[in-house]
Amino acid sequence: MGRVIRSQRKGSGAIFKAHTHHRKGQPKLRNLDFSERKGYLRGVVTDIIHDPGRGAPLAKVQFRDMYRFRRITQLFIAVDGMMRGQSVYCGKRARLTIGNVKPLSTIPEGTVICNVEKLPGDRGKIARASGEYATVIGHNREEKRVRVKFPSGAKKTLSSKCRAMIGIVAGGGRIDKPLLKAGNAYFLAKAKKNNWPKTRGVAMNPVDHPHGGGNHQHIGHASTISRSAPPGKKTGLIAARRTGLVRGGRASKD
C-alpha cells in the first residue's frame, strides 16, 4: 500500500489552509437601499490599501449613515484612476464618472464597467480581478434586461437593476512583469496558501505517487483518470472530456 498522496492531504486542511490572517476583508458594494434606488449617496475615498493575496488594490470609502449620526467605512475594489480624497457617488442619479456606482439601466452602451452584480443586491460578483473589466453592449427596455460582455468574452443578459462600478479594476499589467527568481515566487505563494514549490508526481517514488518510479520520468499509463477512482489514485486529468491542444476557435453568439 502506498502513502497518502498530496491531493488526499489537501482535503483535510492542516498545513494546506488558506493564509487569511492579514487580509483586510471582503470588498463589496453598499447594501442596496432607498437612497441608491431613487437618488444618490456621496462617499469619500479615505485610503487606498493593499490586500495580501489579491492583485487589485482596495479603497476605503467613507459614507454618512442615513439613519444614525455616524460614518460607515466600506471596502471597495479600487478602479484605475481612483485616488485618496476623491468623491464617489452611488445611486441611480450619480454621474457617469470613474469610480461611481450606477444601475446598468442608466449606463450607456459601450461603457467599461467592473465589479458587476449578477443579481440585484448581491454587491458585486463579476470582473473583480486586477485589470479586468466588462462592457455594456445592449439594452432591452421592454424586458428590463441589459446585455454585458464579460472579461472571458462571453456575453450574458443581466437585470437592469444590477449595479456596476464605472472603470477598469486597478493593478492591470501585474502579470506582465516576470518573477525573475524563486524568492519572488515564494512570497507570492506565501500570501495565498501552501501551494509552492510543487514536486511533480513523475519525480517521486512509486510509493509516494501513482506517476512515480521507472527508469525515466514518465507516467507509464494514460494521464486521464475516472471520476470514481479511489482517492489515492485520483490524480492527473480527472474525468477529462478531451485532451490535447485546442485547435480552432468557437464563434461567440451575440
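**View 1. Strands S2 and S3 form a hairpin in this predicted model.** Strand S2 covers residues 58-64 and strand S3 covers residues 71-77, and the two pair in the antiparallel sense over seven bridges. Between the two strands of the hairpin sit six residues.

**View 2. Strand S1 pairs with both S2 and S4.** With S2, strand S1 pairs in the antiparallel sense over six bridges. Here Asp47 stands opposite Lys60 in S2. With S4, strand S1 pairs over five bridges, again in the antiparallel sense. To spot this pairing, look for Tyr40, which stands opposite Gly91 in S4.

**View 3. The largest nonpolar core has 37 residues.** Which residues have the most contacts inside this core? They are Phe76, Leu104, Ile113 and Val116. Several strands give two or more residues to the core: S1 (40-49), S2, S3, S4 (87-91), S6 (112-114), S7 (134-140), S8 (145-149) and S10 (163-166). Strand S2 gives the largest share, four residues. As background, nonpolar side chains tend to be buried together in soluble globular proteins.

**View 4. Here is Phe76 with its contacts.**

**View 5. Arg30 forms salt bridges with Asp33 and Glu36.** The side chains of Arg30 and Asp33 meet at 2.8 Å, N to O. Glu36 also forms a salt bridge with Arg30, and the closest N and O atoms are 2.8 Å apart. Are these residues buried or exposed? Asp33 and Arg30 are buried, and Glu36 is buried as well. In general, side chains of opposite charge can pair when their charged atoms come close.

**View 6. Arg54 and Asp51 meet in a salt bridge.** The gap here is 3.0 Å, N to O. Why is Arg54 partly exposed? Arg54 counts as partly exposed because its relative accessibility is 25%. Asp51 has a relative accessibility of 2%, so Asp51 counts as buried. Elsewhere, salt bridges that share partners join Arg30, Asp33, Glu36, Glu117 and Arg163 into one network. A search of the whole structure finds eight salt bridges.

**View 7. Step back and take in the protein with its three helices and 12 strands.** Taken along the principal axes, the C-alpha atoms fill a box of roughly 70 × 40 × 35 Å. The radius of gyration is 23 Å, while a compact globule of 254 residues would have one near 18 Å. Buried residues make up 33% of the 254 residues. Of the contacts with a separation of 6 or more, 55% are between residues 24 or more positions apart. The accessible surface comes to about 16600 Å², and 51% of that belongs to carbon and sulfur atoms.

Definitions and conventions
Residues are numbered from 1 along each chain as its sequence is written. This is a predicted model: local features need pLDDT of at least 70, side-chain atom pairs count only at pLDDT 80 or more; totals for chains, interfaces and linings use all residues. Side-chain values use heavy atoms; hydrogens and water are left out. Two strands pair if DSSP finds at least two bridges between them. A nonpolar core is a set of buried Ala, Val, Leu, Ile, Met, Phe, Trp, Tyr and Cys residues joined through side-chain atoms within 4.5 Å. Buried means under 20% relative accessible area, exposed over 50%, partly exposed in between (1.4 Å probe, protein chains only). Contact means heavy atoms within 4.5 Å. The radius of gyration is taken over C-alpha atoms; the globule rule is 2.2 Å times the number of residues to the power 0.38. Accessible areas come from the Shrake-Rupley method with a 1.4 Å probe; for residues, only the protein chains shown count as cover. A salt bridge is a side-chain nitrogen of Lys or Arg within 4 Å of a carboxyl oxygen of Asp or Glu. Lists of a residue's contacts leave out its neighbours within four places in sequence.
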